[in-house]
Structure formats: C-alpha cells, structure tokens
Amino acid sequence: MSIVTPQTDDLLADLAPVALLALDSRRRIRAANTEAETQLGLSRRSLSGKALSEIIYHDTPLFELIDKAESMAGSMYAHGVPISGPTLAEGLLNNVRIKQDDAGGFILAFAPTHVREGGDHAPGVAAFGRILGHEVKNPLAGISGAAQLLQRDARPEQEELLSIVVSETQRIERLISRLSAFELFSAPRLKPVNIHDTLDRVLKAEEAAFADKVVYRRMYDPSLPPVLGDEDHLHEAFQNLVRNASEASTAAGGTGQVTVRTAYEAGLRIVPKTSPRKRLSAMKVVIQDDGPGIPPDRQAALFEMFQSTKSGGRGLGLSVVGEIVSAHGGQVKVESRPGKTRFSIFLPLAGT
C-alpha cells in the first residue's frame, strides 16, 4: 500500500523551491505549483488548460528542449535557458529539467539561475547560438551545397577558394549544432590539437576575405607539441582575433599587416580547470596588427559581453574568445598602442 497520496504529492509540489508545470501530450498546462504561479505571474486558474506557447513565447529554447525530451522519451536538463513570455521579464535565465511521463505529457521544472557556470557570459553566448540556429543552419546548408556543386567544374585556381567555403560552412554548422544542443563554449571536448593546422585554416579564410588588403605573416615554432583543446572552439576564438586584427589593420586604408606567431613560453606554467592539481607548460599564440590601437579605458572591458571597440560592433566576438580560452585553462593578455595591438593567448600543451 502506497504511503504517498495525491494530496501529499500536491503538498510536496507546493513546497518545492522550483516552478513545476505538468503538461498533457498536446503541451497544454494541466497543473502548476505555487512557485510556477509566482514566476509566471499567473494563477493556477489562469494557467489551467492553456497551451504552453500562450504563456511562454514559442521561439524560446525551452521548446527545443521539450522536443529533445520527446524524441529521447526521457528527460533533459539545461543550464541558463532564456525563458520569456507576456508576463515574464525578457531573457530570464533558468535551470530547466524536463521529463516525459508515461501518458506522453511532460513535467517541467525550472528555477532562475544566479550563478552562471563557466563564467559570467556563458549562458548568454549559448543562448545566442541557440536562437540563431534555426535562422542560420538552413542558409549555410544551401551555401555549402552550392559550393560543392561548383567544385565539380571548378578551375584549379577556384578549387582552393571553394574548399574554404565548404569547410567554413561545415565548421559553423557544427558549432551551431553543438550550441543548439545546449553545449556551451565553457564545456570543450579536449584532445591533442595541432594549433598550426588550425591557424593555417583561419589564415587561409582571412586571406580569401581580405585579398590584397592585408599581408599575413606566419612565424611558427614547428617544434611545439600539440595543445589540449577543442579544435572547433579554438578555431572560432582565433578566427575572431584574426578578423579583428585584419579589420583594425585596414581601418585607415591601404595595406595592413597581421602577424601570427607561436612560441613556447619559458617560465610560465598555467593551471587548467580540468586538472586543478597539475600545472602544465604553455604555448603562446600571438596575433598582432598595425592598426590604430585600443583606447586604454576600453581594454579592461574587452572580453565582456556587448563591449566593442568597433563602430557598429556587437561586442560578441571577444566575449566568445575569453570564454573559450578560459574553458581551456588558458589566459589572454592584451597590449595595445597606436600602430601595434597584440593579443597573446596561452594554452596548456598536451602531455606536459
């Protein structure tokens, strides 16, 4: 004989410090607890029988999570999910858990998050990737497909450029898919990465984009071992930095110069988040431009979300760079004056 009655269940739900919603198979609300009333700003009577999309905007990532829970016939958990609706504040971030029940309905549990894993800006960047996912992936697939068709009859001098188009669109699709699956830049998949191969792919794409407007100098130390990293994430970080350097170097017109250098940093040993008791030797990657420089009063806030030194800039690129490098247990240093801006990235070497 069960000692838990429906009345007991209701009492426990009302005492829960998280909002709980029970949905039927059509995603209509059939029950809510007191915390859900508080967070959604509506009474149970007002919530009962309404479609979830009437309470929470249908284009928020919450519905992607529900779809995933349904396809997996199980439960899903995500951190820092933006939830908004007619009675909710814009962009409210929540920890969310969703479980499908035996009748095809769902139990939703969510609570506002105040501590953001992986740095202050991780949820915002992940949300940015998820929200844009639907709008970006379809055009990317079209671009990639068109480039592959053109490759069939391409002249030799066109082949390399089309290969760059295909590889870049596929890389961006992978990143968006990972972000859409609630995988943050703060959770890299670490493995040995040849950083010079990654940098070469970045520079080839930038050479194609800027043609003869920028001279790119490679100053690599070929004796360096691999770094411990996520290749897609590191590619994204370096591409942001090289693109910024390219734009800065051409800001005054004429031909600019961007130098990319790698070196072993003697005497510097960094402690990665993934292994707090072990200190690893570092590789230094320097990206330098000859642009106008960054004002001193802007340098301290460079890696904050929505901070940008460029006119019309959104300030997302460097926040992504900071998040990726930090998640790899690395460091970023900035030195800047008119005619010389240098970003130095320090990353743990594999096997040290």
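The side chains of Asp67 and Arg27 meet in a salt bridge, at 2.9 Å from N to O; the term covers a side-chain nitrogen of Lys or Arg within 4 Å of a carboxyl oxygen of Asp or Glu. Asp67 sits in helix H5 (residues 62-72), while Arg27 is in the loop between strand S1 (19-23) and strand S2 (29-32), so the pair ties together parts that are 40 residues apart in sequence. Helices (H or I, at least four residues) and strands (E, at least two) are DSSP runs, numbered from the N terminus. This is a predicted model, in which local features need pLDDT of at least 70 and side-chain atom pairs count only at pLDDT 80 or more, while totals for chains, interfaces and linings use all residues. Residues are numbered from 1 along each chain as its sequence is written, and side-chain values use heavy atoms, with hydrogens and water left out.

How covered are the two partners? Arg27 is buried, with a relative accessible area of 17%, whereas Asp67 counts as partly exposed at 40%. Here, buried means under 20% relative accessible area, exposed means over 50%, and partly exposed is in between (1.4 Å probe, protein chains only).

Asp101 is partly exposed, at 22%. Then there is Glu335, whose salt bridge with Arg342 has its closest N and O atoms 3.8 Å apart. Glu335 is partly exposed at 43%, but Arg342 is buried at 19%. Salt bridges that share partners also join Arg27, Asp67 and Glu70 into one network. By the rule above, the count comes to ten salt bridges.

Next comes Lys191, in strand S6 (residues 191-193). Lys191 is partly exposed, with a relative accessible area of 48%. Leaving aside neighbours within four places in sequence, Lys191 is in contact (heavy atoms within 4.5 Å) with Val227, Leu228 and Gly229. Lys191 and Gly229 are 38 residues apart in sequence, yet 5.4 Å apart in space, C-alpha to C-alpha.

As for the whole chain, the secondary structure comes to eleven helices and twelve strands. Buried residues make up 43% of the 352 residues. Among contacts between residues at least 6 apart in sequence, 64% join residues at least 24 apart.
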